[in-house]
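I opened the model to look up a few strands, a pair of helices and a chain contact. My notes follow the picture.

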Amino acid sequence: MTTIVTENCKNCRFTDCVTVCPVACFHYDDEMLYIDPDTCIDCSACIPECPVQAIFEGDDIPEDQEQWIEINAEKAPDLPVCEEQMEPLPGAEERKAALGF
Amino acid sequence: MSTLGTEENPLLVAIVGSGPSGFYAAEALIKSEVNVKVDTLERLPSPYGLVRSGVAPDHQKLKQVIALYQKTADSPDFNLIANVNVGTDITIEELCQSHHAVIITSGAETDRKLGVPGEDLNGSYTATEFVGWYNGHPDYRDREFDLSHEVAVIIGQGNVAADVSRILAKTVDELKHTDIAQHALDTLAESKIKEIHVIGRRGPAQAKFTPKELREFGELSDCNSIVREEDMLLNSESEAELQEKSNIASKKIYEQFCEFSKREVDPAKSRNCYFNFLMGPKELIGETKLEKIILEKNQLSGEAFKQSARGTGETIELETGILFRSIGYRGVPIAGVPFHESWGTIPNENGRITDNDGNIIPKLYAAGWIKRGPSGIIGTNRACSVETVQCLLEDLEKLADKTNKAGAEEIYSILNKKNIRYVNFDDWKKVDAKEIEVGDPKGKPREKFTYVDEMLSVIDS
């Protein structure tokens with residue numbers, strides 16, 4: 001099982017998920033968050049927190065988002081850990097609305 | 001006296017309870033800008049609360065969260081004082097004397113009652129007892145569960161009900177390489193249970209399992225998961241609930257139930273787990289022990305997302321010899337701390353403990369289930385403890401005391417006078433290492449010591 005952040009987080013980065021992560025496994029760059037699969041314990045606490053439903057786990061990962069499994073694993077370890085909620089990226093609310101949330 | 005929270009005058013905080021909320025509160029304090037010393041008190045010799053004794057043994061990955069708590073515990077600003085019962089061995093008043101602030105993170109230790117006749121019959125148990133028993137919690141070590149009946153009933157539609165049902169549904173082979181307590185594995189090996197009935201008050205669109213937990217029922221090696229197709233028919237309000245985009249978890253759960261309802265029952269499997277909806281217990285019947293349960297059929301009323309279950313008067317009977325109730329938890333009051341009787345929590349404002357009229361009581365804080373009630377999963381408590389610690393740090397000036405605080409030394413002196421044996425984190429590490437060592441030849445991540453005396457003798461060896 002793997003839990004991952006996918007496409008919808010891009011340019012939103014709401015970081016609500018981070019507040020409930022029991023193991024601080026979220027990392028961030030200028031665009032979005034990524035989950036470090038070696039730290040994540042697949043507890044799925046973060047999944048319902050995401051306002052744009054960008055986080056998926058295991059069998060629930062949509063087929064067209066599967067490339068994100070590798071991207072999360074590759075990017076997360078070298079990026080800083082996001083331990084506390086940050087301001088969403090500028091334009092996040094507009095993007096959220098455009099995504100239909 | 002210098003400012004509180006400096007190197008010369010560190011903020012001394014006592015935390016009551018070493019479960020996730022206690023550790024997240026300790027972590028937030030230690031990571032703050034303030035110079036702090038945390039003393040965490042724990043009733044058992046073993047830390048980690050429900051991560052050790054609540055999280056199911058077949059969910060080992062979740063227990064990896066302990067690695068993070070260990071990191072907090074290894075901080076020089078953290079100290080564990082375990083095997084100490086706050087309220088009897090040491091009072092809240094004494095902790096308020098020895099420390100600048102006290103955070104209660106004692107969790108929700110008991111179950112809500114069904115409130116139906118026969119509830120206390122032999123054979124009717126709480127999920128807490130059973131979960132504590134299979135997880136090797138010393139309080140429940142010597143409980144006996146009679147698994148010689150063919151039909152078991154679980155009342156509830158949440159993850160604890162799912163855990164209890166799944167443990168009953170699994171084979172010994174599916175459990176033997178987990179950290180399930182040996183006495184439980186031995187009893188489960190002799191189980192005669194063939195039918196497991198999970199009873200939910202509301203419908204499949206309102207069940208509170210997490211999708212992941214429910215999915216595991218589709219992967220059991222020797223148990224069918226059965227849902228009646230007619231139970232999948234929804235009223236228009238429930239349909240509307242599932243249409244709501246934010247309600248994606250309920251939609252996934254509903255789809256999983258639909259998938260179960262379409263499955264062929266595999267006759268080669270020796271157990272069946274039935275998910276029953278829109279039913280509630282009306283009465284438990286038996287001469288000296290549970291023999292059958294009367295269930296009343298429910299219907300939903302009210303608008304979408306506010307639907308409640310009401311009895312229709314129509315009843316059905318189910319013969320059963322063993323029942324577990326899992327309809328929610330309640331906190332247990334601690335002497336010297338206000339308690340909200342009907343909610344089963346400590347009254348508080350964002351973690352600042354208040355009396356029952358809402359007046360803030362200085363120095364006392366709460367976090368976790370005892371603060372907000374038994375909702376959410378492990379990580380939810382992190383946000384909760386962080387909020388409490390933020391309030392505490394905002395109150396720093398008010399917490400400064402004119403008298404000197406002795407912190408842990410004062411606690412030790414009180415405990416020593418009463419001849420109470422306390423355990424520190426290094427002591428616990430000995431028990432931890434020994435458990436792993438004993439579990440290894442059996443292919444188990446650890447074999448838990450289930451008696452307090454056993455743990456203490458490992459420490460003394």
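I began with strand E12 (residues 292-301) of chain B, which is joined to E13(B) by nine bridges, the two running antiparallel. Strands pair if DSSP finds at least two bridges between them. I looked up B:Glu296 and found B:Thr315 in E13(B) as its bridge partner.

The model is predicted: local features need pLDDT of at least 70, side-chain atom pairs count only at pLDDT 80 or more, and totals for chains, interfaces and linings use all residues. Residues are numbered from 1 along each chain as its sequence is written, while chains are lettered from A and ligands numbered from 1 in the order in which they are written.

Next I traced the sheet: three strands of chain B, in the order E11-E12-E13, form an open, antiparallel sheet. Strand E11 (279-285) and strand E13 (308-319) of chain B each have a single partner strand, so one side of each lacks a neighbour in the sheet. Strands (E, at least two residues) and helices (H or I, at least four) are DSSP runs, numbered from the N terminus.

I then turned to chain B against chain A. I found 20 residues of chain B in contact with 18 residues of chain A; contact means C-beta atoms, placed from the backbone, within 7 Å. On the chain B side, the elements giving two or more residues include helix H3 (60-63) and helix H14 (380-394). By class, I noted 10 nonpolar, four polar and six charged residues on that side. Nonpolar covers Ala, Val, Leu, Ile, Met, Phe, Trp, Tyr, Cys and Pro; charged covers Asp, Glu, Lys and Arg; the others, Gly among them, are polar.

Terms used
Two residues are in contact if their C-beta atoms, placed from the backbone, lie within 7 Å.
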